[in-house]
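Here is a short report on one protein structure.

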Amino acid sequence: MKNIKMKMARVEKDLTQEELADRINVTRQTISLIEAGKYNPSLNLCVSICKELGKTLDDLFWEEEK
Amino acid sequence: MFFNKKNEIKDERVENLYNKIYREVYAVVIILAAVSIIAKYFYYGLNLEHVVFELILLIAVSIYFLVRSVWMGLYSDMVELKDKSRKISLPINVKQIIIALIGGLGISLFFGIRSALIYGGGGNRLNYFLLVFSASFLIYVPFMVLGTFLVHYVSNKKSKEVNEKNIGD
């Protein structure tokens, strides 16, 4: 499932995928795949993304019940 | 200066994909070695000197995998996972013993049939087969079953100790 919340948080901070990738030391492709819901990041990577975007794990990675 | 890896960025997804490729390379090497042994057997006959390198490769790689997985505490974890996800309700050590039995049976059958074909003549083939099969069975099956059981028992025990030590650290 696509991670729209992460994409919106990134856009709020006015960061491109590449800029966010550089800041947390991953590739742009990894960020793209996480946002597309095609890659499950490790907890460490999730925490790094949250810290960079100023959000909590719940804000970005909690899946709402349908 | 040129080989400084201090600033090397490690992306977990890329690392995982690389590891996946290395796993596939390992499988390809093992398969090629096995195919080479079989091909050389048909070409040269049962001559050990032609397949020494392939045998050393297969044995060394297997031993390395076993020792490394025990040393990392991974062996007992793999046993636990396999026991949880097994389709047939038999613990893994019993399955390994059954495989060792079948392996020993296969080797005994191979030697029995081979001896019967090469040395058996004038109606003696059945006798040769039974003699060599029985002798091989008595030698190989206990050796393989005991060996498999011992290796599994020691590996599992050592691996659990390593895991306990890691948790304790």
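Chain B of this predicted model has five helices and zero strands. Helices and strands here are DSSP runs (H or I, at least four residues, for helices; E, at least two, for strands), numbered from the N terminus. Along the sequence, chain B reads α-α-α-α-α.

The conventions are brief. Residues are numbered from 1 along each chain as its sequence is written, chains are lettered from A and ligands numbered from 1 in the order in which they are written. In this predicted model, local features need pLDDT of at least 70, side-chain atom pairs count only at pLDDT 80 or more, and totals for chains, interfaces and linings use all residues, while side-chain values use heavy atoms, with hydrogens and water left out.

**Chain B**

Of the 169 residues of chain B, 19% count as buried. Buried means under 20% relative accessible area, exposed over 50%, and partly exposed in between (1.4 Å probe, protein chains only). Contact means heavy atoms within 4.5 Å. Among chain B contacts between residues at least 6 apart in sequence, 62% join residues at least 24 apart.

B:Ser159 sits in helix α5 (residues 125-168) of chain B. B:Ser159 is buried, with a relative accessible area of 0%. Leaving out residues up to four places away in sequence, B:Ser159 touches B:Ser69, B:Val70, B:Gly73, B:Leu74, B:Tyr75 and B:Ser76.

**Helix pairs**

Two packed helices are described by the angle between their axes and the distance between the axes. Axes are lines fitted to C-alpha atoms, for helices over the stretch in contact, and angles run from 0 to 180 degrees between N-to-C directions. A crossing is left-handed if the near helix is turned anticlockwise from the far one by less than a right angle, and right-handed if clockwise.

| Pair | Angle | Axis distance | Crossing |
|---|---|---|---|
| α1(B) and α2(B) | about 145° | 9 Å | left-handed |
| α2(A) and α4(A) | about 115° | 10 Å | right-handed |
| α2(A) and α3(A) | about 115° | 8 Å | right-handed |

α2(A) is roughly perpendicular to α4(A). Angles under 35 degrees count as roughly parallel, over 145 as roughly antiparallel, 65 to 115 as roughly perpendicular and the rest as oblique. In this pair, A:Leu20, A:Arg23 and A:Ile24 of α2(A) meet A:Leu45, A:Ser48, A:Ile49, A:Glu52 and A:Leu53 of α4(A). These residues divide into five nonpolar, one polar and two charged. Ala, Val, Leu, Ile, Met, Phe, Trp, Tyr, Cys and Pro count as nonpolar, Asp, Glu, Lys and Arg as charged, and the others, Gly among them, as polar.

The largest nonpolar core has 16 residues. Such a core is a set of buried Ala, Val, Leu, Ile, Met, Phe, Trp, Tyr and Cys residues joined through side-chain atoms within 4.5 Å. A:Met6, A:Ile31, A:Ile49 and A:Leu53 have the most contacts inside this core. α1 (4-12), α2 (17-24), α3 (28-35) and α4 (43-53) of chain A each supply at least two of its residues. The largest share, four residues, comes from α4(A). Beyond its neighbours within four places in sequence, A:Ile49 contacts A:Met6, A:Ile24, A:Ile34, A:Leu60 and A:Phe61.

In α3(A), the buried residues are A:Thr30, A:Ile31, A:Leu33, A:Ile34 and A:Glu35. What covers these residues includes α1, α2, α4 and α5 (57-61) of chain A, together with α1 of chain B. A:Gly37 follows α3(A), with a positive phi near 75°.
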